[in-house]
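Let's walk through this structure together, one part at a time. Please keep the sequence and the 3D view open as you read.

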Amino acid sequence: MRRTTAAASVVTVLVPLLLAGASTASAAAKGSITVRTLDRSGKPVHAQVAVYNTKTNDFRYIDSNKATSLPNGSYELATSFTDAGDDGATVGGHSVTVSGATKTTFDARKGRPVNVSLSPKPGSGYDHTVSAYVCASDNSPATMGISAEAGDLYVIPTSSKAYEVSYGTAYQPQSATGGDFWLASATHRGGVPSGVSATLKKSGLTTLKVSARSGPDSGQAQFSFSYQSTGGDGCSMSTNSLWFQRDLPNSFSVHLPPGEWNVGQQSRDFIYDGFHEYTAGKTTSLALGHAVWGPGGRLPNTWYHQLYFGSINMFADPTLPAGGMLADGTVKLTHAGKTLYSHNYARGEDVDGHPRIPGAGWYTLSETGHRSLPSGSLSTSSSLSLHFYADPSKNQQIRDYITRFWPEALNSRNQAAPGSTTTVALGMQRNGTDDSTVRQLSDSVKSVHAWYTTDNGAHWHAATAKPSGGKWTIAVHNPASGHVGLRSTVTDTHGDSSTTTVSNAYAVS
């Protein structure tokens, strides 16, 4: 067996529960538990065991094959482990009552095979793995699971309806440059059966067609696909996850169970988005890393005499707008010639300040961002200046716009042809706060002015902004080689204005 993967992500999510619950049971009568874990040859092997007290909600992980002090009480247990020879993996769960010195065993020799496949099969050239997670049916944190190559995974059965098992299968191409990714899963409730033999149909999956460009990001990227359960089936969240690496730029399709998924890409920087619903039998296209990574997010709002800057991200990807974590820069708020707030932020630091503002009037919020990236990278610096009227006595969002630049007809490395003309769409972004108590004011665009630079800002060339089909566009005359920077100033009908600038927005080669 070449590959087994334990449930590391489950540990990350559940550890805080240990801190919350440990004090609850501290006053109870002390006992101990020894959980023996035996591999398929009967040899003791080390494992982590999830232990949950069903009365006090105390949760912790303990090591197998040694006594651990625990308050007396009823517990749900779950574990997963591999054989000493790394030629088999086992998962199981059962309940136990701790009273004094208590012993219990997970014996892999009682495990039954987990065989899960797709129909029709993807074909040759794939690594085929299966996974199984045993969970408490009351959605307690007593969940453990593991992935292994097909034919090497076993589950210990139990007739107790306090447990269920989610199982899945994944096909990943052996080629690093091509091939689709497949993931399918299902859940068996009302106990853990004596083995799993399931054939899941491709027709029940949804497809994400991903085009991941380079330029704003580069090198080898890790792509992540994480599932969120909406129907009370928390166990399926464990089997429904997929990670793999690909060099940028790259294109591939991922076939997943329908439902809510969060997609992320991490290379020299990190981008992601919230959960979105994807439907069975449907195909959704995702263009990641498209030029331009620039200011995006939520406009500032007033809240009880304070100005909340909002969730402005200076390097938001057009498709996965959360992320751009590797930026440092400055943020400054001025009013009537005075600086009310100024801060230099470091990489990964939250820039959302909320200073108290003196009264109704005109304010200017200026933000800059810089990313230290290898030579030739795109979207290396950006800035945003918002000039707006604010009334601190009212809880409402300011009027203004953030320009999102979208150059058309670039290649997979975000390059335009030498000497060509590139049409750049100017998106007028006004994201709300998602807070019903904060009023979003109506607004409309009065004028748009735009510029571009081909010499890193030494000279800026005016470009006429034209409204067309519900959007504004400009034409950029590209040089023979190099990079193009973009700038836009939008003024609304109330006098508010915003200027958005991105250096090295796209390349010419």
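Three strands make up an open sheet with mixed pairing, ordered E5-E2-E8. Strands here (E, at least two residues) and helices (H or I, at least four residues) are DSSP runs numbered from the N terminus, and two strands pair if DSSP finds at least two bridges between them. Strands of a sheet pair through backbone hydrogen bonds, either parallel or antiparallel. Strand E5 (67-71) and strand E8 (101-107) stand at the edges with a single partner strand each, so one side of each has no neighbour in the sheet. On average, and with direction ignored, neighbouring strands of this sheet are turned by 30 degrees against each other; the axes behind that angle are lines fitted to C-alpha atoms, for helices over the stretch in contact, and angles run from 0 to 180 degrees between N-to-C directions. Strand E2 (residues 30-38) runs antiparallel to E5, joined by five bridges, and Ser32 stands opposite Ser69 in E5.

A word on how to read these values. This is a predicted model in which residues are numbered from 1 along each chain as its sequence is written, local features need pLDDT of at least 70, side-chain atom pairs count only at pLDDT 80 or more, and totals for chains, interfaces and linings use all residues. Side-chain values use heavy atoms, with hydrogens and water left out.

Now look at strand E19 (residues 250-256), where six of the seven residues are buried. Buried means under 20% relative accessible area, exposed means over 50%, and partly exposed lies in between (1.4 Å probe, protein chains only). E19 pairs with strand E16 (residues 206-212) in the antiparallel sense over seven bridges, and Val210 has Phe252 in E19 as its bridge partner. Strand E14 (residues 181-188) runs parallel to E19 and is joined to it by two bridges, with Trp182 opposite His255 in E19.

Which residues have the most contacts inside the largest nonpolar core? They are Phe223, Phe225 and Phe388, in a core of 44 residues. Such a core is a set of buried Ala, Val, Leu, Ile, Met, Phe, Trp, Tyr and Cys residues joined through side-chain atoms within 4.5 Å. If residues up to four places away in sequence are not counted, Phe223 touches several others, including Leu242, Trp243, Leu248 and Phe252; contact means heavy atoms within 4.5 Å. A second, separate core of 24 residues includes Val114, Tyr126, Val130 and Leu153.

The next stop is the disulfide, a pair of cysteine sulfur atoms within 2.5 Å. A search of the whole structure finds one: Cys135 and Cys235, with their sulfur atoms 1.9 Å apart. The torsion about their S-S bond is about 75 degrees, so the disulfide is right-handed. Cys135 lies in strand E10 (residues 126-136) and Cys235 in the loop between strand E17 (220-228) and helix H2 (236-239), so the pair ties together parts that are 100 residues apart in sequence. Cys135 is buried at 3% relative accessible area, and Cys235 is buried at 2%.

The structure also holds five salt bridges, each a side-chain nitrogen of Lys or Arg within 4 Å of a carboxyl oxygen of Asp or Glu. In one of them, Glu408 meets Lys471 at 3.4 Å, N to O. This pair links distant parts of the chain, 63 residues apart: Glu408 in the loop between strand E34 (402-407) and strand E35 (415-416), and Lys471 in strand E41 (residues 471-477). Glu408 is partly exposed at 30% relative accessibility, and Lys471 is partly exposed at 37%. Another salt bridge joins Arg109 to Asp107, with the closest N and O atoms 3.0 Å apart. Here Arg109 is partly exposed at 46%, whereas Asp107 is buried at 11%.

Finally, some backbone details. A cis peptide bond joins Ser119 and Pro120, with omega about -10 degrees, and Pro120 lies in the loop between strand E9 (112-119) and E10. Asn139, in the loop between E10 and strand E11 (143-149), has a positive phi near 60 degrees although it is not a glycine.
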